[in-house]
Amino acid sequence: MTEQALDYIGKTEDNSGLEKIVYQYKKDIAQHIWEQMENHAELSPPKYEVKLLRAVTPILQQDYTKFKEDEIVKYTANIPANEIRKKVVGHFSKACHTAYKFESVPEHTFSIVLERSEKVIKWLRPALGQVKIYYGARQYQPDFIAETTDSIYIVEIKASNRKDDEEVMLKAKAAQEYCENVNSLYAGTSAKTWKYMLLLDTAPSRSVDFSYLESSANW
């Protein structure tokens with residue numbers, strides 16, 4: 001596409017004029033090329049190859065930033081939507097990390113559900129690369145992974161108006177295939193079944209139990 005852009009500009013300019021235009025407007029030209037590429041990019045369904053690897057994956061550290069003077073807010077606190085991304089939330093008893101940041105109030109609320117449910121044993125907000133799930137060439141970072149008394153869930157929370165988005169559907173398909181492959185690998189053992197759960201942002205509330213969300217999930 002770079003050559004096409006240069007050919008187009010070169011139709012009305014000689015070599016010296018072309019060099020000046022490219023140098024002066026290089027950022028605008030690059031932005032235009034990027035936009036063209038993005039508009040024509042397509043997401044393709046992921047394909048997986050199952051490899052029989054049984055190595056234990058360590059829990060990766062979170063990569064959020066925090067100022068030393070910032071307090072860690074207790075997870076039971078009511079945090080306004082316009083402040084949720086700024087706050088570091090902690091004092092969990094079942095989480096695999098000491099504190100997390102959340103993108104939305106429903107995500108924060110779901111962490112409260114996980115903490116309060118007797119069925120949930122432990123949970124985490126996985127760092128990028130914690131689970132190797134890809135949709136097309138992109139890596140998928142789930143919102144939560146939760147272990148219950150009988151299963152392990154990959155959980156995604158999405159806005160109600162985005163549940164049918166192509167990207168959401170591709171992520172769901174990739175996560176479901178990942179769970180199927182893990183379950184196939186450990187079939188016949190005592191390992192817990194992996195499942196995928198897509199929750200709409202209206203589902204989590206402080207008054208519901210995880211068992212209810214299990215029965216009402218979209219996937």
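I looked up the link between strand 7 and strand 8 and found a hairpin that joins them through 2 residues. Helices (H or I, at least four residues) and strands (E, at least two) are DSSP runs, numbered from the N terminus. I am working on a predicted model, where local features need pLDDT of at least 70, side-chain atom pairs count only at pLDDT 80 or more, and totals for chains, interfaces and linings use all residues. Residues are numbered from 1 along each chain as its sequence is written, and side-chain values use heavy atoms, with hydrogens and water left out.

Next I checked the pairing of strand 7 (residues 144-148) with strand 8. The two run antiparallel and are joined by 4 bridges; strands pair if DSSP finds at least two bridges between them. I noted I152 in strand 8 as the bridge partner of E147.

Then I turned to strand 9 (residues 193-200). It pairs with strand 8 in the parallel sense, over 8 bridges. K158 has L200 as its bridge partner in strand 9.

How buried is strand 8? I found 8 of its 8 residues (151-158) buried, so the strand is largely enclosed by the rest of the structure. Buried means under 20% relative accessible area, with a 1.4 Å probe and protein chains only. I checked both faces: S151, Y153, V155 and I157 are buried on one side, and I152, I154, E156 and K158 on the other.

Last, I looked at the whole protein chain. I read 6 helices and 9 strands. Of its 219 residues, 37% count as buried.

Notes. Buried means under 20% relative accessible area, exposed over 50%, partly exposed in between (1.4 Å probe, protein chains only).
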